[in-house]
Amino acid sequence: MRRPFSVTARDQWSDVWDFDPVQAYPGKHPCEKPLPLLCHILNASTKPGAVVFDPFAGSGSMDEAYHELEQQFIEVEKCPDNYAKTDDRLSAVRAQERLFA
């Protein structure tokens with residue numbers, strides 16, 4: 001079944017996306033995407049409550065987007081170093097959630 005792309009005038013969606021890049025920092029993943037872009041992608045391409053599969057977890061930027069949008073997710077990362085960064089990043093996000101809960 002095809003899922004129609006339906007937006008309203010309030011959404012202001014277009015086929016041109018303009019997001020600031022992630023600024024350099026020590027240990028930055030070379031393909032790291034900005035959080036607002038990842039949230040935009042999830043909002044545009046998933047239904048609420050969907051389980052999202054990410055076969056290239058990288059350093060875990062998408063983890064933050066999943067948590068911000070309260071999405072369930074499954075991730076895979078082949079590189080042990082990137083997996084460790086993803087695990088650390090996800091642990092930090094969960095710790096912060098506990099502080100503000």
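**Buried, exposed and stacked**

Guide: Val51 lies in strand β1, which covers residues 51-54. Strands here are DSSP runs of E with at least two residues, helices are runs of H or I with at least four residues, and both are numbered from the N terminus. This is a predicted model, in which local features need pLDDT of at least 70, side-chain atom pairs count only at pLDDT 80 or more, and totals for chains, interfaces and linings use all residues. Residues are numbered from 1 along each chain as its sequence is written, and side-chain values use heavy atoms, without hydrogens and water.

Visitor: Where is Pro48 placed?

Guide: Pro48 is in the loop between α1 (35-45) and β1. Its C-alpha atom is separated by 8.5 Å from that of Glu70, 22 residues apart along the chain.

Visitor: Why does Pro48 count as exposed?

Guide: With a 1.4 Å probe and protein chains only, exposed means over 50% relative accessible area, buried under 20%, and partly exposed in between. Pro48 has 81% relative accessibility, so Pro48 counts as exposed.

Visitor: What makes Tyr66 and Phe73 a stacked aromatic pair?

Guide: A search of the whole structure finds 1 aromatic pair. Its members, Tyr66 and Phe73, lie 4.4 Å apart centre to centre, with 15° between the planes. Rings of Phe, Tyr and Trp (its six-membered ring) pair if their centres lie within 6.5 Å; planes under 30 degrees apart count as stacked, over 60 as edge-to-face and the rest as tilted. The pair is therefore called stacked.

Visitor: Why does Tyr66 count as buried, and why is Phe73 called partly exposed?

Guide: Tyr66 has 0% relative accessibility and therefore counts as buried. Phe73 has 22%, so Phe73 counts as partly exposed.
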